[in-house]
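Try each task before you read its solution.

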Amino acid sequence: MAGRGGLLAGAARRGGLSTAFVATHAGSRPGPCVAVLAEYDALPGIGHGCGHNLIGAGAAAAAIAVARALPDHPGTVLVVGTPGEEMGGAGKVRLAAAGVFDGVDAAVMFHPGDHSLTGRPGLAAAHLRVAFTGHSAHAAVSPWRGRSALAGVQVFLAALDALRQFIPPTARVHGIVSDGGQAPNVVPARAAVDLYVRDRTAVSARELVGRVRQAAAGAALATGTEVDVSETGPLYEERRNNTVLAERFATAVRALGVEIAPGDPDSPAGSSDIGNLSQLMPVIHPYIQVAETGTPGHSDAMREASATPFAHDRTQVAAAGLARVVADLLTEPELLAAAREEFAAARPSR
């Protein structure tokens, strides 16, 4: 950012992520440190079907607004570029481990959607690869000499389907066959499934991962193959939305003509690495409507909606709301105190 700010470079300070960044605007005197989070990664084959183009632009606009409106503010404003939220890349987790969020008092961001909400739940999610290894053989001449890794995958997926009846309704287990062999006339020696295992808390998600591992081991035993279950990225923890700060955001966007409602804690939810940050500090992750109600996320329709003038206008509203929260955190000690009090009261023992 302009002014007193600068770019904190170095691979270590970016958690090893070459496309991450930290920009700072230091105030005229000591005070709180508030991070505005910018996501900008897209989805394979879809593009910006989750609207991260708007998140990145809105984060930059919010921070610039604070720096221009309050050039001599106390404390520090950060814009943290956090790539890799999609596909289990865990950019925020890696940046936190690298110390980027050390000393940060609160973090804010917004997300596009088909409703405007002060917050919504976020499930914990484990990111797994279940890789089977067998023995190749000619699929017509001597298939009995082979052991099909793809058969291991098939039995494993059938086991998951059987498991679903006996998991909590809050849990989600879903994935794709990422490797199913190379040629129809070769018994596949290698095959793999990439999948996510989700539930309301990190504890329950990890428990479910144990049952998935047992299903994989059983499938390998049944097909004469071997299996390796590995994590393709860090576990995303459940999201904790700070209602003190979320209501301050809501007041700001309502003043700009956007109606926003509280999220339903029992509504269906996805997962994000913002959950991990929400275990460390007060965080908000509100949603601003940029698409018609009912437009699914991670879709072509959401990608198209995220490129419209309406979406760009709503991003400016969201940026103004974030700027209000950041400015108030810097200048109203009682707001940060209230946010910290809520955070401490809700923090689970670990």
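**Exercise 1. The largest core**

Task: In this predicted model, find which residues of the largest nonpolar core touch the most other members.

Solution: 
- Step 1. The core holds 39 residues, and the ones touching the most other members are Leu245, Phe249, Ile284, Ile288, Val326 and Leu329.
- Step 2. Strand S3 (29–38), helix H1 (52–69), strand S4 (74–81), strand S5 (106–108), H5, helix H7 (300–305), H8 and helix H9 (333–346) each put in at least two residues.
- Step 3. H8 is the top contributor to this core, giving 10 residues.
- Step 4. Zoom in on Leu329. Skipping neighbours within four places in sequence, Leu329 is in contact with Pro32, Val34, Ala106, Leu245, Leu335 and Leu336.

**Exercise 2. H5 against H8**

Task: Work out how H5 and H8 pack, and which residues make the contact.

Solution: 
- Step 1. Helix H5 covers residues 243–255 and helix H8 covers 309–331; their axes lie 8 Å apart, at an angle of about 130°.
- Step 2. That angle makes H5 oblique to H8, since it falls between the 115 degree limit for roughly perpendicular and the 145 degree limit for roughly antiparallel.
- Step 3. As for handedness, H5 and H8 cross in a right-handed way.
- Step 4. On the H5 side, the contact uses Leu245, Arg248, Phe249, Ala252 and Val253. On the H8 side, look for Val317, Ala318, Gly321, Leu322, Arg324, Val325, Asp328 and Leu329.
- Step 5. Sort these contact residues by class and you get nine nonpolar, one polar and three charged.

**Exercise 3. H9 and its two partners**

Solution: 
- Step 1. Take H5 first. The H5 and H9 axes come within 8 Å, crossing at roughly 135°, which makes H5 oblique to H9.
- Step 2. At this contact, H5 brings Thr243, Val244, Leu245 and Arg248, while H9 brings Leu335, Ala338, Ala339 and Glu342.
- Step 3. The class count for H5 with H9 is five nonpolar, one polar and two charged.
- Step 4. Next, H8. The axes of H8 and H9 are 5 Å apart and the packing angle is about 105°, so these two helices are roughly perpendicular to each other.
- Step 5. Val325, Asp328, Leu329 and Thr331 of H8 make this contact with Pro333, Leu335 and Leu336 of H9. Their classes come out as five nonpolar, one polar and one charged.

**Exercise 4. Two positive phi values**

Task: Ala90 and His298 each have a positive phi. Where does each sit, and is it buried or partly exposed?

Solution: 
- Step 1. Ala90 has phi near 55°, positive although the residue isn't glycine. Look for Ala90 in the loop between S4 and helix H2 (91–97).
- Step 2. With 0% relative accessibility, Ala90 counts as buried.
- Step 3. His298, also not a glycine, has phi near 55° as well. Its loop runs between strand S12 (287–289) and H7.
- Step 4. The relative accessible area of His298 is 42%, so His298 is partly exposed.

**Exercise 5. Placing Ala220 and Asn241**

Task: Describe the surroundings of Ala220 and Asn241.

Solution: 
- Step 1. Ala220 belongs to helix H4 (residues 202–223). Its relative accessible area is 5%, so Ala220 is buried, given the cut-off of under 20%.
- Step 2. Beyond neighbours within four places in sequence, Ala220 is in contact with Phe132, Thr225, Glu226 and Val227.
- Step 3. Val153 is 67 residues from Ala220 along the chain, and their C-alpha atoms are 8.5 Å apart.
- Step 4. Asn241 is in the loop between strand S10 (226–236) and H5. With a relative accessible area of 21%, Asn241 is partly exposed.
- Step 5. Leaving out neighbours within four places in sequence, the contacts of Asn241 are Thr118, Gly119, Ala246, Val283, Ile284, His285 and Glu342.
- Step 6. From Asn241 to Ile274, the C-alpha distance is 9.8 Å, with the pair 33 residues apart in sequence.

How values were computed. Residues numbered from 1 in each chain as written. Predicted model: local features only at pLDDT ≥ 70, side-chain atom pairs only at ≥ 80, totals over all residues. Heavy atoms only, no water. Axes fitted to C-alpha atoms, helices over the stretch in contact; angles between N-to-C directions. Helix = DSSP H or I, 4+ residues; strand = E, 2+ residues; numbered from the N terminus. Parallel < 35°, antiparallel > 145°, perpendicular 65-115°, else oblique. Left-handed = near helix turned anticlockwise from the far one by under 90°. Contact = heavy atoms within 4.5 Å. Nonpolar A, V, L, I, M, F, W, Y, C, P; charged D, E, K, R; others polar. Core = buried A, V, L, I, M, F, W, Y, C linked by side-chain atoms within 4.5 Å. Buried < 20%, exposed > 50% of the residue type's maximum accessible area, 1.4 Å probe, protein only.
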